[in-house]
Amino acid sequence: MEQGVENVLVARDLKKTFKLSRKQKKLEKNPTGLKVAVDGLSFSARRGEIYGLLGPNGAGKTTTLRMLATLIKPDEGDAEINGYSVLKQPDGARAQIGFLTSELKPDEFFTPNYMFDFFSALHGVDERTREERKADLFKRFGLDEVAETKIAELSTGMKQKTSIAISLVHDPEFIIFDEPTNGLDVLTAKAVTDFLLELKARGKTILLSTHIFSLVEKICDRVGVIIDGKMALEGEVKELVKEKNLEEVFFDLYAERKGEK
């Protein structure tokens, strides 16, 4: 760690193996029936930075995020969030985290207002603080007008904004966003990326998984490239794109790793 720099996230030697179904074994031509999704992954994220995770489908990004969010346990290794081990102190680690992923959707039967109050209660947020945060987030994302509309009736963009607001009810120090702009129109996507930069300016630490190279170049301080569950490249974004753009860097690395060069 650099002097004066605090790591909010420290992941060490994370490993996760899944047992494949009979159909998956056949599709992936894997006779062992075991797939190593994450293979000894180590990295850290500093306070007040946006760290980007890049990698092709199946590289292990989502599995990594799920381990960090305490949704699944690593088979080996551990990670600490603000000093809390995801293995030994999952409740403490979870209290530090805001997690947004397309895999976890708010119940569409309820309204944004109800869901915000519900998750605030789960996190033990007092009523006064809850109402202050709700007013701020709902105004920022234009949710005031649809606060009492069932989520099922909202547009894709409004559903995403609702999910973001809900993930931040407890004002977490460490925020995990899995493809936060996926499927959004350009205006909504810009509102989301502007908000990420504001969170960074407030000292929050953001782990961002995305396939959009330009987004990483625009807002991320550092990036880690995952290929086959391993960290293939890591560094400051501004250093990696001095001679080539990030997309070229990625595909050159991917071809090299796959033996195409």
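Hi everyone, let's start with the rings: Phe-109, Phe-110, Tyr-114, Phe-118 and Phe-119 form one aromatic cluster. Please keep in mind that this is a predicted model.

In total, the structure holds 11 aromatic pairs. How are the rings of Phe-110 and Tyr-114 arranged? Their centres sit 4.5 Å apart and their planes make an angle of 20 degrees, so this pair is stacked; the cut-off for stacking is under 30 degrees. Tyr-114 also pairs with Phe-118, and that pair is stacked too, with 6.2 Å from centre to centre and 15 degrees between the planes. For those of you who like the helix view, Tyr-114 and Phe-118 are about one helical turn apart, because four residues separate them in helix α4, which covers residues 112-122.

As general background, nonpolar side chains in soluble globular proteins tend to be buried together. Here, the largest nonpolar core has 42 residues, and Ile-164 and Leu-208 are the ones that touch the most other members. Which helix gives this core its largest share? That is helix α7, residues 186-201, with five residues.

Take a look at Ile-164 on your screens. Which residues does Ile-164 contact, once neighbours within four places in sequence are left aside? The list is Leu-100, Phe-141, Phe-177, Val-192 and Phe-195.

My last stop is Thr-70. Where is Thr-70 placed? You will find Thr-70 in the loop that runs between α2 (61-68) and β4 (76-81). Is Thr-70 buried or exposed? With a relative accessible area of 15%, Thr-70 is buried, since the cut-off for that class is under 20%.

Who are the partners of Thr-70? Again setting aside neighbours within four places in sequence, Thr-70 is in contact with Val-86, Pro-90, Ala-93 and Arg-94.

Methods: Residues are numbered from 1 along each chain as its sequence is written. This is a predicted model: local features need pLDDT of at least 70, side-chain atom pairs count only at pLDDT 80 or more; totals for chains, interfaces and linings use all residues. Side-chain values use heavy atoms; hydrogens and water are left out. A nonpolar core is a set of buried Ala, Val, Leu, Ile, Met, Phe, Trp, Tyr and Cys residues joined through side-chain atoms within 4.5 Å. Buried means under 20% relative accessible area, exposed over 50%, partly exposed in between (1.4 Å probe, protein chains only). Helices (H or I, at least four residues) and strands (E, at least two) are DSSP runs, numbered from the N terminus. Contact means heavy atoms within 4.5 Å. Rings of Phe, Tyr and Trp (its six-membered ring) pair if their centres lie within 6.5 Å; planes under 30 degrees apart count as stacked, over 60 as edge-to-face and the rest as tilted.
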